[in-house]
Amino acid sequence: MVADTGCHGIAIGRGALANPWIFRQLQNWVETGDPGPRATYHDRLEVMARHFDRIGEWVGDRRFGCVRFRKVAAWYGSALRMSKADKHRLTMLADPDEFDRLVQRLLADGPPPGW
């Protein structure tokens with residue numbers, strides 16, 4: 001787009017919420033013409049867990065972090081292709097231990113079919 005139109009930049013928007021690796025992929029694409037590999041299922045789960053933990057640290061309480069995390073939970077649920085029941089659990093999260101159990105189960109189960 002930059003070469004074709006002469007624009008000075010592009011807007012990423014909300015796509016970065018579901019794919020925070022987009023910045024690395026864009027850099028690779030600019031440098032090599034290839035965006036490189038997509039983030040793995042486990043990469044995405046690890047980022048989701050780290051995001052949850054950081055929210056808890058930021059607000060000073062993991063339980064209150066559950067409420068804050070709900071705002072981004074749908075993005076993770078879609079990006080990870082979670083079942084409807086798991087998406088619901090994530091968006092209604094009230095207990096940090098429930099989050100930890102969900103992540104551990106998703107890690108153990110591995111990617112959903114068609115990943």
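Reader: Is arginine 81 buried, partly exposed or exposed?
Author: This is a predicted model, in which local features need pLDDT of at least 70, side-chain atom pairs count only at pLDDT 80 or more, and totals for chains, interfaces and linings use all residues. Residues are numbered from 1 along each chain as its sequence is written, and side-chain values use heavy atoms, with hydrogens and water left out. A residue is buried under 20% relative accessible area, exposed over 50% and partly exposed in between (1.4 Å probe, protein chains only). Since arginine 81 has a relative accessible area of 41%, it is partly exposed.

Reader: What is the phi of arginine 81?
Author: Arginine 81 belongs to the loop between H5 and H6; helices (H or I, at least four residues) and strands (E, at least two) are DSSP runs, numbered from the N terminus. Its phi is positive although the residue is not glycine, with a value near 55°.

Reader: Which elements do the buried residues of H4 pack against?
Author: The buried residues of H4 include Tyr41, Met48, Phe52 and Gly56. Packing rests on contact, that is, heavy atoms within 4.5 Å. The elements they pack against are H2 (15-18), H5, H6 (84-91) and H7.

Reader: Which residues does arginine 63 touch, not counting residues up to four places away in sequence?
Author: Arginine 63 is part of helix H5, and its relative accessibility of 49% makes it partly exposed. With that sequence limit applied, the residues it touches are Ala94, Asp95 and Pro96.

Reader: How many disulfides does the structure hold?
Author: Cysteine 66 is buried, as its relative accessible area is 0%, whereas cysteine 7 is partly exposed at 22%. A disulfide is a pair of cysteine sulfur atoms within 2.5 Å. The number of disulfides in the structure is 0.
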